[in-house]
Amino acid sequence: QVQLVESGGGLVQAGGSLRLSCVASRRALSGYSMGWFRQAPGKERAFVGGISWSGGRTRYADFVKGRFTISRDNAENTVYLQMDKLKPEDTAVYYCAADRGVGKGYEYWGQGTQVTVSS
């Protein structure tokens, strides 16, 4: 079992930046691919981006490419989402999730952190 805790959300003006962190409860992240998702009010949860367990591969949704960057520090059991050039439409609850790579997808989820971007 992996418990994930996100932090770093808040209120920021359009064009600003935030860095979200996701800390795992146990030293297991080195074996997991990690993803970031978001859910805006009235909308379905959407994939934002993901990173391989080694950190060597990343992928992003088109709507954040060039603005968001995912990184990880397995020694610190932490995954980051650096969000730059934020837009009001980025307002959402952001979640991190862990995938063991056994064909079950993202099995473990954090509780989410709210990001609000004002215009």
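1. Let us start with one residue. Setting aside neighbours within four places in sequence, Val93 is in contact with Phe37, Arg38, Gln39, Gly112, Thr113 and Gln114, where contact means heavy atoms within 4.5 Å. Val93 belongs to strand E9, residues 92-99.

2. A word on what you are looking at. This is a predicted model, in which local features need pLDDT of at least 70 and side-chain atom pairs count only at pLDDT 80 or more, while totals for chains, interfaces and linings use all residues. Residues are numbered from 1 along each chain as its sequence is written, and side-chain values use heavy atoms, with hydrogens and water left out.

3. Now the overall make-up. The protein has 11 strands and 0 helices; helices (H or I, at least four residues) and strands (E, at least two) are DSSP runs, numbered from the N terminus. Along the sequence, the pattern reads β-β-β-β-β-β-β-β-β-β-β.

4. How do the overall dimensions look? The C-alpha trace spans about 40 × 25 × 25 Å along its principal axes. A compact globule of 119 residues would have a radius of gyration near 14 Å, and the 13 Å of this protein agrees with that. The radius is taken over C-alpha atoms, and the globule rule is 2.2 Å times the number of residues to the power 0.38.

5. Next, surface and interior. Of the 119 residues, 45% are buried; buried means under 20% relative accessible area, exposed over 50%, and partly exposed in between, with a 1.4 Å probe and protein chains only. The protein exposes about 6,300 Å², and carbon and sulfur atoms supply 45% of that area. These areas come from the Shrake-Rupley method with a 1.4 Å probe, and for residues only the protein chains shown count as cover. Among contacts with a separation of 6 or more, 53% are between residues 24 or more positions apart.

6. Which residue in E8 is the bridge partner of Ser71? Tyr80 is that partner. E7 and E8 (residues 78-83) pair in the antiparallel sense over 6 bridges.

7. Thr78 also sits in strand E8. Thr78 counts as buried, at 6% relative accessibility. A polar atom of the Thr78 side chain lies 2.8 Å from the backbone oxygen of Glu76. Beyond its neighbours within four places in sequence, Thr78 is in contact with Ser21, Cys22, Val23, Leu29, Arg72 and Asp73.

8. Back in strand E1 we find Val5. Is Val5 buried or partly exposed? Val5 is partly exposed, with a relative accessible area of 46%. Apart from residues up to four places away in sequence, Val5 touches Ser21, Cys22, Val23 and Gln111. Val5 and Arg19 are 14 residues apart in sequence, and 14 Å separate their C-alpha atoms.

9. E4 (residues 33-39) and E5 (residues 46-51) pair in the antiparallel sense over 5 bridges, and Met34 stands opposite Ile51 in E5. This hairpin has 6 residues between the strands, and Gly42 takes a positive phi near 75°. E5 then pairs with E6 (residues 58-60) in the antiparallel sense over 3 bridges, with Gly50 opposite Arg59 in E6. The hairpin of E5 and E6 has 6 residues between them, and Gly55 in the turn has a positive phi of about 85°.

10. Finally, take a look at Arg67 in the loop between E6 and E7. Arg67 is buried, with a relative accessible area of 8%. Not counting residues up to four places away in sequence, Arg67 touches Gln82, Met83, Asp84, Lys85, Leu86, Lys87 and Asp90.

Note on methods
Two strands pair if DSSP finds at least two bridges between them. A polar contact is a pair of N or O atoms within 3.5 Å; within protein, one must be able to donate a hydrogen and the other to accept it, and residues adjacent in sequence count only if both atoms are side-chain atoms.
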